[in-house]
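Dear colleague,

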Amino acid sequence: MSTDVTPTGRRETRGGQAFLVLERTFPAPADAVWAAITEPERLRRWIGTWAGDPAAGFVDFRMTAEGEDAENERMAICECDPPRRLVVESRTPTDDGGPDDVWRLELDLVESGGSTTLVFAQGLSRPEMAENVGPGWEYYLDRLVAAESGESVAAVDWDSYHPALSEPYRRIFAG
């Protein structure tokens with residue numbers, strides 16, 4: 001992948017909260033993209049995997065792309081409408097002992113003319129999160145594109161995204 005990475009995300013307000021929204025389009029039907037974002041072995045190729053019984057309302061997600069010592073995160077399943085919409089949430093303690101950060105991820109798939117657009121959104125409980133979250137999701141979604149197109153996921157270089165995209169995302173979410 002090119003090392004010339006530019007921010008593709010935008011800021012939206014949903015339910016009074018700021019969201020980072022990114023899109024990626026795939027030359028595939030929605031069912032195939034749905035499988036890439038929900039099936040544990042398909043997820044493993046670009047970000048991580050999960051374990052558990054989704055019928056319980058949650059799964060334990062582990063970001064295997066973060067290394068062998070990555071810990072599981074409990075992801076509550078808020079909405080699941082295959083192959084159109086998936087909404088999950090996790091809670092992450094803040095470093096300062098304040099209220100937990102809620103990571104709400106909304107994934108919507110729109111199929112048209114033989115291709116599917118993934119609209120990925122993450123709610124940002126604190127605007128300063130954008131300087132890391134923006135580059136992070138650009139990186140992971142580009143890994144998803146590489147995995148689905150048969151390209152090398154390893155060729156997507158984290159150093160091309162962070163810190164290069166931190167300032168643009170900081171500006172998008174300032175004030």
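The notes below take up the pocket, then the helices.

This is a predicted model, in which local features need pLDDT of at least 70 and side-chain atom pairs count only at pLDDT 80 or more, while totals for chains, interfaces and linings use all residues. Residues are numbered from 1 along each chain as its sequence is written, and side-chain values use heavy atoms, with hydrogens and water left out.

The largest pocket has a volume of about 1,200 Å³. Its lining comprises 43 residues, of which F61, M63, E73, L105 and W137 are the closest to the centre. A pocket here is an open set of points on a 1 Å grid over the protein atoms alone, where a 1.4 Å probe fits, with protein on both sides within 12 Å along at least five of seven lines; lining residues have an atom within 4 Å of a point. The volume is the space filled by probe spheres set on the points, which are joined across faces, edges and corners.

By class, the lining holds 27 nonpolar, eight polar and eight charged residues (nonpolar: Ala, Val, Leu, Ile, Met, Phe, Trp, Tyr, Cys and Pro; charged: Asp, Glu, Lys and Arg; polar: the others, Gly among them). At least two lining residues come from each of α1 (30–38), β4 (58–62), β5 (72–81), β6 (85–92), β7 (101–112) and α3 (130–149). Helix α3 gives the most, with seven residues. Helices (H or I, at least four residues) and strands (E, at least two) are DSSP runs, numbered from the N terminus.

In α3, 15 of the 20 residues are buried (under 20% relative accessible area, with a 1.4 Å probe and protein chains only). After α3 comes G150, with a positive phi near 80 degrees.

Helix α1 is also mostly covered, with seven of its nine residues buried: A30, V33, W34, A35, A36, I37 and T38.

S160 lies in the loop between α3 and α4 and counts as buried because its relative accessibility is 8%.

In α4 (residues 166–173), the buried residues are S166, P168, Y169 and F173. They line one face of the helix, because they fall within an arc of 165 degrees when seen down its axis (the arc being that of the directions from the helix axis to the C-beta atoms).

With kind regards

Note on methods:
Buried means under 20% relative accessible area, exposed over 50%, partly exposed in between (1.4 Å probe, protein chains only).
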